[in-house]
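Biologist: I've got a model open and I'd like to learn how to read it. Can you walk me through a ligand site and a single residue?

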Amino acid sequence: MPTDYVKNCGLQLEKLKDKEDITILAIESSCDETACAITRGRKVLSSVIASQIEIHKRYGGVVPEIASRNHVMAISQITSEALGRAGLKPEDIDCVAVTYGAGLLGALLVGVSFAKAYAYALNKPLIAVNHIRGHVAANYLADPQLKPPYICLIASGGHTAVVKVDDYEDLKLLGSTQDDACGEAFDKVARVLGLLYPGGPEIQKLAKEGKPSVHLPTPLRNSEGYDFSYSGLKTAVINYVHTKEQKGEEFSKADVACSFQEKAVEIMTDAAVRAAEDNELKTVVIAGGVAANERLREVMRQKAEKRGFKVYYPPLGLCTDNAAMIASEAYNLIRSGAKPADITLDASATVKITDVSPRA
Ligand code: KG4
Ligand code: ZN
């Protein structure tokens, strides 16, 4: 990429830093959703998502190679559709944003390559966004009155963590999962119960018909930090189901789903509430695909009400993967003086929550 382009983008970003209504076109392709969104300030002008769930359902989970191929087929059309719905032309946007990680490498590469070419062709700056921080930033679109500091519980298919958000770009990791992510545990438990992928919504539905009658352990109960463990809980559920099946005993799948969901929610909400109390913060935010869980929202509301905390969570469409949240995080980055990404930008399968931009 010629140095002129990079220099010019740096100058453009310096000007955008003080602009409130920045127009951002964002691309997200980290897993099984190809998404493009256009935002102006914190307003979502359009958000288009081509979900591959129906394709991956038959395999019981996401098949990386199939995901990449479908991203390639969808990305161009999704982008045109997002522009069309926003009533904009490509030249009307100020900046392009893209998820560079974490996620499936091949899937991420489709978005990163497309966004690099798109930004260069338009002579606009490109901003590389950490997907996990995007989930947090989804909340600023839903509730413009939300401002740091607050405690954020991030629960997705790949990450589960409690974070202290001191400023838009100042996130401190307080605790995280020591093994499986919460969404991953939902998906694995769903599979053992014979439910479809993705497991979270299926467990939620089945749990409504059950009671929390199956005793399950609370991992790390005696630990003082804010770390989680979901592997032990998942294994306890799998052992319970297998033992019942081997003995040929009847059991209620709905009760298993309900008991698992209650315990999964208890683990996360306890840690988030404790983190807020210890840090004397009165605002708790939930983010990520699992934030779509009705029971998690309900329990968090109840615990917060008792303590006089405020709770924020995004509407369902902004909980699971989307590109509007990537645009929202790009907005934070630009406003805090981010540098543009260049041709060397690569996709990263793993990133830390604390990574503001790609590690060199
Ligand atoms: O954030 P996300 O869309 O993708 C990742 O970044 O991982 O999260 C996907 C995860 C899946 O594990 C899915 O089962 C879970 O979020 N999920 C839910 C619900 N909706 C999605 N888990 C529990 N309850 C839900 N309603
Ligand atoms: Zn996600």
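Predicted model: local features only at pLDDT ≥ 70, side-chain atom pairs only at ≥ 80, totals over all residues.

Biologist: Where does ligand 1 sit among the pockets?

Modeller: Ligand 1 takes up the space of the largest pocket.

Biologist: Which residues come nearest to ligand 1?

Modeller: There are 20 residues around ligand 1, and those that come nearest are His 135, Gly 157, Asp 187, Gly 289 and Asn 293.

Biologist: Which helix gives the most to the shell around ligand 1?

Modeller: That's H7, with four residues. Helix H5 (131-142), helix H6 (182-192) and helix H7 (199-207) each put at least two residues into that shell.

Biologist: What about polar atoms around the ligand's oxygens?

Modeller: Look for N or O pairs within 3.5 Å. His 135 has a polar side-chain atom 2.9 Å from an oxygen atom of ligand 1, and for His 131 the distance from a polar side-chain atom to a ligand oxygen is 3.1 Å. Gly 157 uses its backbone instead: a polar atom there is 2.8 Å from an oxygen atom of the ligand. As for cover, ligand 1 alone exposes 560 Å², and the protein buries 88% of that.

Biologist: Now the single residue. Is Glu 169 buried or exposed?

Modeller: The cut-off for buried is under 20% relative accessible area. Glu 169 has 16%, so it counts as buried. You'll find Glu 169 in the loop between strand E7 (160-167) and strand E8 (170-176).

Biologist: Which side chain does Glu 169 join in a polar contact?

Modeller: Arg 133, at 2.8 Å. Leaving aside neighbours within four places in sequence, Glu 169 is in contact with residues including Arg 133, Glu 329, Asn 332 and Val 356.

How values were computed. Residues numbered from 1 in each chain as written. Chains lettered and ligands numbered in written order. Heavy atoms only, no water. Buried < 20%, exposed > 50% of the residue type's maximum accessible area, 1.4 Å probe, protein only. Polar contact = N/O pair within 3.5 Å; in protein donor to acceptor, adjacent residues only side chain to side chain. Contact = heavy atoms within 4.5 Å. Near = heavy atom within 4 Å. Areas by Shrake-Rupley, 256 points an atom, 1.4 Å probe, with all protein chains shown as cover. 1 Å grid on protein atoms, 1.4 Å probe; cavity = no way out; pocket = protein on both sides within 12 Å on 5 of 7 lines; lining within 4 Å. Sits in = over half its atoms within 2 Å of the grid points.
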